[in-house]
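User: Hi! Could you help me learn how to read contacts between side chains?

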Amino acid sequence: MNMEIDLERRKMLKLGGGAGLLALFGSLGLLQSGAALAEWNKTAFSAKNMDEALNALGVIVPENNAASIQLTVPEIAENGAVVPVTVASSLPNVEQISILVDKNPNVLAANFIIPAGTEGLVTTRVKMGQTANVVALVKADGKFYRVAKEVKVTAGGCGG
Amino acid sequence: MNAKQIFGMVVAASFAAATLPAQAASLDAKTAEIIKRDFRDKGIAKATRVNQDELQAACSKYVDKVPTKLKHKLEAEQEQAVKWPADGKYMGDWKAGEKLAQSGRGMTWSDKPEDPAGGNCYNCHQLSAKEIAYGTIGPSLLHFGKTRGNTEEIQRYAYGRIYNAKAYNACANMPRFGHMGILSEAQIKDLVALLLDPESPVNK
Amino acid sequence: MGNPMKIRAAVKDGVTEVKVLMQHDMETGLRKEADGTLVPAWFITEVKAQHQGRTVMEAQFGQSISKNPYLLFHFKGGAAGEKVSVSWVDNKGDTRTDEVTIAA
Amino acid sequence: MNTGNVSKTILMLALAASGTAQAAENETTDSDRIAAYREMISDGNPAEFDEMRGEELWKKAAGPNQATLEKCDLGKGPGVVKGAYAELPRYFKDTGMVQDLESRLLTCMTTLQGRKEDEIAAKPFASDKKASDISSLTTYVVGQSKGIKMAVSVKHPKEKEAYEIGKRIFNYRAGPYDFACSTCHATSNVRIRMQDLPNLSSNKRDAQSAYTSWPAYRVSQGLTRSFQWRLNDCFRQQRFPEPKFASEATVALTMFLAVSANGAKYDGPGLKR
């Protein structure tokens, strides 16, 4: 890493939070014209309950839509530290996919901004403090859709 | 081929065959020696814990299939050592019992001396229908009281079984919770209540 | 600078599958050390993947993403031999960029 | 982390999914559900990072002698790492002992690098969420046996003896709970809480799949754990005192378990809950 970027980093550290990657990618020359990077949504990621999180994401009333969103989660997770989540949507023009866990201290786990040409499919892994609902929120053609599934987080074996 | 090599081959061949009684005895002795040397104190788990009592030694030697005569002798000895509650009461509080049953803690080197041991019950048994994370090393105890009733005889049996499972089956997998000082009299009573109280989730 | 990622990319029937495994502790800010002190929040906030200079995925992470984050996605196009690059930045400003060649 | 078969991944995820038609048709047991969970996390194993760390350590000059471990003889000749783990533990002529991987690494680190055995053995496992050097080295070495059939020898009298002693340790009941390894690991199709317990003494398939999936990344701990650690933590839960690191007792027990896994392809480092 060269001096220039280090400087950028220091600036970024002062700024803190959301503008970080924007500045970094700018400095790395990774940012293309017209490919504006969305800012890290601090309000949404700090939300302590589902309503707050949905509000911060700009969701008015999400439509429940189990048919066009496939949310794949384990029925039982042996360990809450790693719960695999796959969201796949057959809706046209998927713009954004969010993963939320209703009983986590911070409800919003991840937000994916899907550019044109990228499929409406993501897999990631989330932490879960206890048995809770995992919610997949999909934004397609400007409208929000959601689906939820419960994941049971079980007590470990003999403790190890 | 020299004599040493031939000797080596003979030794190897004899080892490859099933171990003979004399060899087995010497391997037993060597195993005991290695175990005594290679385990050390850590936290509350002192090295002396590897020293076996007569029952543990017999169950190890015969891999839990102790000859009948010895088995009965061991069981009788264990039964004699059971300390029954002085007040003649066997039932405590099932709610406290359920908490104990859930806890798998206690007596490991990472447990602190002041940490109370749990009952470890769900590790091996199904109890309340609500708890899906139960083990199957032991039999299901769901509806234990519902199917057996709540007579004093059943209460005494449940108490004894928890206090010292080996009094009933010398090489049972279940620990001797009372005999080894893992649980107190009051705690065992709470577990008896969990099994037998009609209000307990075990009997719902 | 952060630790290296493991990235795999492979194209099949005109769709490129990308799998990324990042090395990061993803501290929630809620975990306590054995002595009771709170471990401060330290987690990846943003991830961006590019193919030939075009953004193909942008992810924003919160504290609920698991340690050593995993991400899988598919984009149309991409050919064997072309590059996919992935960058992340965390809430302390630490960053990492790695690149991989698309396999057939 | 295999890449490629997109449709297979989706199908697998669909099968594992809760509430899918496929799953509902047959009765799904909790063990099936746990198996589905494990399948879903099996891709993208962070143990790969520990393998990378271990490889760097293997090739890095260290210790008072400033030597690398590239001349370490793991049984297949100095410097041969490929396939070495699939034949360990084994008898080593130079030390006159049967050694498992970690015991042998200790030998190499002391003889080649001049490091002190006591210092390495004092903290052999990860602590404060950081991997130990010997543990990462182990992860690297085992990774070089992936896909290779387990072929642990009991031809040498000392190897046979270690196996016999290991079997006896497996059945050795002691401590306040009267537990032996066999208390939990000598019956098929049982579980502790929700975790299936492999039958390591009389079920070849169980013994093979258990042994060949360690060392493993433990997601609950966020660390890659070695086989010595696996045994150490079993003894902890057996309410035993602590086995000394890479001691004869642990090597003998490893010998018993490794021989029971013979014939299976080594498949680690694994990924566990």
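User: Let's start with A:Lys152: is this residue buried or exposed, or in between?

Analyst: Buried means under 20% relative accessible area, exposed over 50%, and partly exposed in between (1.4 Å probe, protein chains only). At 35% relative accessibility, A:Lys152 is therefore partly exposed. A:Glu150, with 44%, is partly exposed too. This is a predicted model, where local features need pLDDT of at least 70, side-chain atom pairs count only at pLDDT 80 or more, and totals for chains, interfaces and linings use all residues. Residues are numbered from 1 along each chain as its sequence is written, chains are lettered from A and ligands numbered from 1 in the order in which they are written, and side-chain values use heavy atoms, leaving out hydrogens and water.

User: What do A:Glu150 and A:Lys152 form?

Analyst: A salt bridge, meaning a side-chain nitrogen of Lys or Arg within 4 Å of a carboxyl oxygen of Asp or Glu. Here the closest N and O atoms of A:Glu150 and A:Lys152 are 3.9 Å apart. Over all chains, the count comes to 36 salt bridges.

User: Which residue does B:Arg37 form a salt bridge with?

Analyst: B:Arg37 pairs with D:Glu248, with 2.7 Å between the closest N and O atoms. B:Arg37 is partly exposed at 43%, and D:Glu248 is partly exposed at 35%.

User: And are D:Arg193 and B:Glu131 buried or exposed?

Analyst: Both D:Arg193 and B:Glu131 are buried. Their side chains meet in a salt bridge of 3.7 Å, N to O.
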